[in-house]
Amino acid sequence: MDDSRIFIVGANGQLGKALKEQYPGAQSADIDEMDITNAESVANYDWSAIDYVLNAAAYTNVDGAETAEGRIAAWNVNASAVANLAKACQKNHMTLVHISTDYVFDGTKAPHTEDENYSPLGVYAQTKAAGDIVVYTLDQHYILRTSWVIGDGPNFVRTMLGVGQKNIEPTVVADQIGRLTFTSQLVRAIDHLLTSKSEYGIYNLSNGGDPASWADITREIFKIAGYELKVTDTTTEEYFASKPDVAPRPLKSELALDKIKATGLTPKDWREDLAEYIKKELG
């Protein structure tokens, strides 16, 4: 595949950085060249040399989206901008690869399948669901629905490594259950779908292995890093009791991986990728 015909949106984020490593010849644009939230800016961009648009851009501040300012930003980036990109892809016969999230569901079922009905809880979740629905109308699209993303940027694993280095024994939520998704795994899946020319549509994608709680993941992080620290379990309700402005979280985030496996890709166990990630972080 000619990576010069790939355009990466959100190239400076966790996933964007990983995509640039995979596709060093890919194109991208700074905001002064193209503002994805501006319909005219996207429409007027020269798409003539592009076959694939990989949308790694998103407003991901789940709690911030509940504020007046954050609500507008979330809708602009996660829904309006996606509509702008979708329109450009349809007009220029490009394939749009879009990243979704387990948050489009309320977390009352497990595991989530690709055809589960949308049931978003908070503003962030609602905007991501809206973006999905827009992309789904395209002739040529892949929606990768993922969860708990870990890459080169601020994330849960780095936060907990920092906690461990300070010798703090944390209290961590134990009733949210899911799997980590490393950006390396996400990039591998995107490349697999494109190169294998798999059927267009929605694919769940996280790392494999047994689902776990954030508390259990923290214990695994400490074990790998060699921190002999106690992790105390708490519930989501207890953890956020003193934080009235936070967004609601889905409790069950496990994604069914049968569809992506049927294309010939078997995601790596999250514990394997976690060990490699921590080894690299601690150097």
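**Entry 1**

I located Pro 111 in the loop between strand 3 and helix 4; helices (H or I, at least four residues) and strands (E, at least two) are DSSP runs, numbered from the N terminus. I found the peptide bond from Ala 110 to Pro 111 to be cis, with omega near -10°. I then looked up His 93, which lies in the loop between helix 3 (68–92) and strand 3. The phi of His 93 is near 55°, a positive value in a residue other than glycine. Most residues other than glycine have a negative phi, and most peptide bonds are trans.

I note that this is a predicted model, in which local features need pLDDT of at least 70 and side-chain atom pairs count only at pLDDT 80 or more, while totals for chains, interfaces and linings use all residues. Residues are numbered from 1 along each chain as its sequence is written, and side-chain values use heavy atoms, with hydrogens and water left out.

**Entry 2: helix 3 and helix 4**

I looked up the axes of helix 3 and helix 4, which come within 9 Å and cross at roughly 5°. Axes are lines fitted to C-alpha atoms, for helices over the stretch in contact, and angles run from 0 to 180 degrees between N-to-C directions. Helix 3 and helix 4 are therefore roughly parallel to each other (angles under 35 degrees count as roughly parallel, over 145 as roughly antiparallel, 65 to 115 as roughly perpendicular and the rest as oblique). The residues that meet include Trp 75, Asn 78 and Val 82 in helix 3 and Thr 127, Gly 131 and Val 134 in helix 4; contact means heavy atoms within 4.5 Å. By class, I read 11 nonpolar, four polar and two charged residues in the contact of helix 3 with helix 4. Here Ala, Val, Leu, Ile, Met, Phe, Trp, Tyr, Cys and Pro count as nonpolar, Asp, Glu, Lys and Arg as charged, and the others, Gly among them, as polar.

**Entry 3: the partners of helix 10**

I examined helix 5 (residues 156–165) against helix 10 (residues 270–282): the axes come within 11 Å and cross at roughly 55°. Helix 5 is therefore oblique to helix 10. The contact is made by Val 157, Arg 158, Leu 161 and Gln 165 of helix 5 and by Leu 274, Tyr 277, Ile 278, Glu 281 and Leu 282 of helix 10. These residues divide into six nonpolar, one polar and two charged.

I next took helix 7 (residues 214–225), which packs with helix 10 at an angle of about 50°, with the axes 10 Å apart. Helix 7 and helix 10 are therefore oblique to each other. Among the contact residues are Ile 217 and Glu 220 of helix 7 and Trp 270 and Arg 271 of helix 10. I count nine nonpolar, no polar and two charged residues in the contact of helix 7 with helix 10.

**Entry 4: pockets**

I read a volume of about 1,300 Å³ for the largest pocket. A pocket is an open set of points on a 1 Å grid over the protein atoms alone, where a 1.4 Å probe fits, with protein on both sides within 12 Å along at least five of seven lines; lining residues have an atom within 4 Å of a point. Grid points are joined across faces, edges and corners, and a volume is the space filled by probe spheres set on the points. Of the 38 residues that line the largest pocket, the closest to its centre are Thr 60, Val 62, Trp 148, Val 149 and Pro 154. The lining of the largest pocket has 21 nonpolar, 13 polar and four charged residues.

The second largest pocket holds about 430 Å³ of space. Of its 18 lining residues, the closest to the centre are Glu 21, Thr 183, Ser 184, Tyr 277 and Lys 280.
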